[in-house]
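Q: I have a structure open and some questions about it. Can we go through it piece by piece?

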Amino acid sequence: MTTADGVTVPRTSPRPNAALTGGPISEGRRRRRRAENIRGWVYCLPFLIAFGLFLIWPTIYGLWMSFTGTSLAGTKTGFVGLANWTEALGDANVWTSLANTAVFTVLSSIPLVLIAMGLAILVNVGLPGQWFWRLAFFLPFLLASTVVSKFWNWMYNPQLGLVNTVLGWFGITGPAWLQDPSTAMISVVITTVWWTIGFNFLLYLAALQNIPDQLYEAASLDGAGRWRKFRSITVPQLAPTTVLVLVLQLLSSLKVFDQIYQMTSGGPGGDTRPVLLYIYEVGFTGYRLGYASAISYIFFFMIIIVSLAYMVISSRRSVKA
Amino acid sequence: MSAANPTTSPALPATRGKRRADAAERTAATTAAGRRRRRTDPARVVAFVILLVLALAWLVPVLWAALTSFKTEAEAAALPVTIVPESGFTLDAYITTLTSGQVPRWAWNSLLTSTAITFITVVISALAGYALSRMEFVGRKAIVALILASIMIPGQILIVPLFQLMLGLNLVDTYWGIILPQVVAAPMVFILMKFFDQIPRELEEAALMDGASRLRILWSIVLPLSRPILGAVSIFVFIGAWNNFLWPFIVVNDADLMTLPTGLQTVISAYGIQYAQNMAQAMLAALPLIIVFLFFQRQIIKGISTTGIAGT
């Protein structure tokens with residue numbers, strides 16, 4: 001591991017106490033090294049057991065399950081080869097739920113990155129009441145999905161909700177937001193933006209505060225105006241943060257489940273059903289765990305592709321820098 | 001400052017009072033000048049107005065829920081919709097929620113499981129993080145690589161095999177079934193390891209020469225120096241566990257063992273018509289985290305830029 005601190009003793013240097021005890025170097029050192037080996041593993045063991053049992057093993061076992069006909073109902077059909085995989089690729093519900101996931105991801109990620117950046121830039125102007133801005137925009141992020149869904153189901157209630165009540169003041173009859181196929185997805189997206197923007201907002205705020213003041217001072221001396229400073233200093237300085245925020249946002253949007261399950265149950269007619277919800281339905285209400293595993297893995301590959309794309313981009317960036 | 005002046009000055013000798021008044025006038029003048037200068041900056045005014053409108057808009061859903069929770073059930077379900085409770089503010093919905101139904105029970109389950117998850121996660125992650133930072137042992141690099149690679153695995157895709165595993169271990173519908181899979185936090189091990197890496201080793205070397213054990217050094221030297229990061233990690237793990245929906249939803253069916261998020265979800269589907277109670281429950285479920293935020297605002301905001309990134 002590369003340690004940033006240059007002051008500390010290099011790992012490979014003999015420990016002072018090893019040097020002090022003296023004796024035949026080889027034997028003492030070997031014994032000490034063996035003790036250190038055992039101690040290292042003992043310290044890691046509690047974590048490694050949990051890690052192996054609840055993360056690594058399910059990852060491998062899930063892959064195996066995708067080649068079996070395992071059912072929650074107890075009927076254990078064994079190895080079925082690629083049957084689940086070929087069925088998944090021909091299952092229209094898999095494709096529509098993947099498409100819904102993609103639509104949700106695009107619709108939610110764009111405002112979640114751009115609005116968060118805009119809010120952070122506005123707050124960073126140095127207005128009074130910093131704590132209030134942070135409270136207002138970040139607080140929803142701390143709420144449980146169930147609480148958020150309750151709030152917004154009530155906002156969107158066709159007759160009694162605030163949204164249609166306010167529209168009614170202007171003589172507009174609002175739709176049944178969550179039940180209407182043309183508004184269900186956008187309604188869930190609006191809720192998601194409201195709920196999670198605080199996280200990106202804080203990341204941008206931290207990035208803005210890390211931009212050295214000297215850059216702006218130097219630009220001022222050169223007679224640069226506010227817009228010019230924004231374009232030539234703020235925007236490029238925020239670029240690495242934007243890449244990071246965007247990737248984190250894509251990854252978390254792809255994993256959407258809670259609020260959609262709680263607000264629309266994937267409806268109307270499967271129009272908002274994301275892939276995780278379909279996996280849940282196939283596995284836990286349809287009892288087909290093997291088939292659900294195969295779909296999980298197709299989804300997993302999509303996640304890996306996004307992660308790898310980020311690693312390639314960020315490594316190329318660091319090579320350039 | 002200025003508010004205290006009028007009450008104190010009459011008791012003071014005239015000259016002092018006058019000087020004080022002068023000083024007050026002067027500061028008032030300078031701040032007014034400062035304010036005037038700020039006011040002439042149109043960009044700041046525009047920024048302020050935009051932010052104010054957005055911030056208020058952001059608070060609307062919470063305020064609307066709060067107002068509804070103080071209405072009577074009849075008013076909450078009546079047309080035309082009232083904004084402020086017309087029949088007066090009532091705590092009926094809160095009283096019903098807390099005295100009948102299972103919300104207190106679910107809150108207890110949430111507190112119990114979230115505390116256990118936080119405690120176990122911090123202990124096992126700190127032990128592993130310390131070993132990976134300070135000890136030279138065979139396989140160390142492989143473990144670090146494995147932990148880093150595992151961050152890419154989304155926990156959500158593991159629900160199916162994990163549920164099978166829990167069936168095999170007889171942990172479905174138990175507290176341990178909720179807790180155990182949530183104590184694996186690879187990013188936290190990595191964050192703690194990086195933090196320990198930055199603590200100078202000289203202190204530990206001295207203690208080692210005095211014959212202190214590794215565990216003693218970790219407990220009385222390293223951990224006290226790591227308080228900020230331990231606090232940040234704890235807060236994040238706790239919030240994540242408190243709010244987790246998918247896993248408790250999968251592993252628990254018994255209504256007595258549900259956590260707040262999963263329990264409240266069953267109420268939505270069962271008694272969706274009790275609007276005031278519904279909102280009272282949501283407000284009660286939100287309250288603990290709002291309090292946590294008000295107390296730990298600085299740590300949470302600081303933590304976002306360090307641990308939060310890896311926590312998602």
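**Chains, core and contact**

A: Of the 312 residues in chain B, 38% count as buried. Keep in mind that this is a predicted model.

Q: What is the secondary structure of chain B?
A: Chain B has 16 helices and zero strands.

Q: And what share of its contacts joins residues at least 24 apart?
A: Counting contacts in chain B between residues at least 6 apart in sequence, 75% join residues at least 24 apart.

Q: Now chain A. What does its secondary structure come to?
A: Chain A comes to 13 helices and two strands. The radius of gyration of chain A is 27 Å, while the globule rule gives 20 Å for 321 residues, so chain A is more spread out than a compact globule.

Q: What does the C-alpha trace of chain A span along its principal axes?
A: About 90 × 75 × 35 Å.

Q: How much of chain A is buried?
A: Buried residues are 37% of the 321 in chain A. As for contacts in chain A with a separation of 6 or more, 70% are accounted for by residues 24 or more positions apart.

Q: How is chain A divided into domains?
A: Into domain 1 (20-65) and domain 2 (85-320). The centres of these two domains of chain A, taken over C-alpha atoms, are separated by 40 Å.

Q: Which residues touch the most other members of the largest nonpolar core?
A: F201(A), I295(A), V189(B) and L192(B), out of 150 residues in that core. Helix α8 (residues 184-209) of chain A supplies the largest share of the core, 13 residues.

Q: Why does the core lie between the domains of chain A?
A: Because domain 1 (20-65) and domain 2 (85-320) of chain A both give residues to it.

Q: Back to I295(A). What does it touch?
A: Leaving out residues up to four places away in sequence, I295(A) touches A88(A), V94(A), V275(A), Y278(A), I279(A) and V282(A).

Q: Several of those numbers fall in one helix. Is α12(A) mostly covered or mostly uncovered?
A: Helix α12 (residues 275-285) of chain A is mostly covered, with eight of its eleven residues buried. The buried ones are V275(A), L276(A), L277(A), Y278(A), I279(A), Y280(A), V282(A) and G283(A).

Q: What follows that helix?
A: α12(A) is followed by Y287(A), which has a positive phi, near 65°.

Q: One more residue, A186(B). Where does it lie?
A: A186(B) is in helix α10 (residues 186-197) of chain B.

Q: Why does A186(B) count as buried?
A: Because A186(B) has 21 C-beta neighbours inside 10 Å, and the cut-off for buried is 20 or more.

Q: Which residues does A186(B) touch?
A: With residues up to four places away in sequence left out, A186(B) touches I147(B), S150(B) and I151(B), and also F51(A).

Q: And where is D254(B) relative to A186(B)?
A: The two are 68 residues apart in sequence, and A186(B) and D254(B) are 30 Å apart in space, C-alpha to C-alpha.

How values were computed: Residues are numbered from 1 along each chain as its sequence is written. Chains are lettered from A and ligands numbered from 1 in the order in which they are written. This is a predicted model: local features need pLDDT of at least 70, side-chain atom pairs count only at pLDDT 80 or more; totals for chains, interfaces and linings use all residues. A residue is buried if 20 or more other C-beta atoms lie within 10 Å of its own, exposed if 12 or fewer, and partly exposed in between; C-beta atoms are placed from the backbone. Helices (H or I, at least four residues) and strands (E, at least two) are DSSP runs, numbered from the N terminus. The radius of gyration is taken over C-alpha atoms; the globule rule is 2.2 Å times the number of residues to the power 0.38. Two residues are in contact if their C-beta atoms, placed from the backbone, lie within 7 Å. Domain bounds come from an automatic or database domain assignment. A nonpolar core is a set of buried Ala, Val, Leu, Ile, Met, Phe, Trp, Tyr and Cys residues joined through C-beta atoms within 7 Å.
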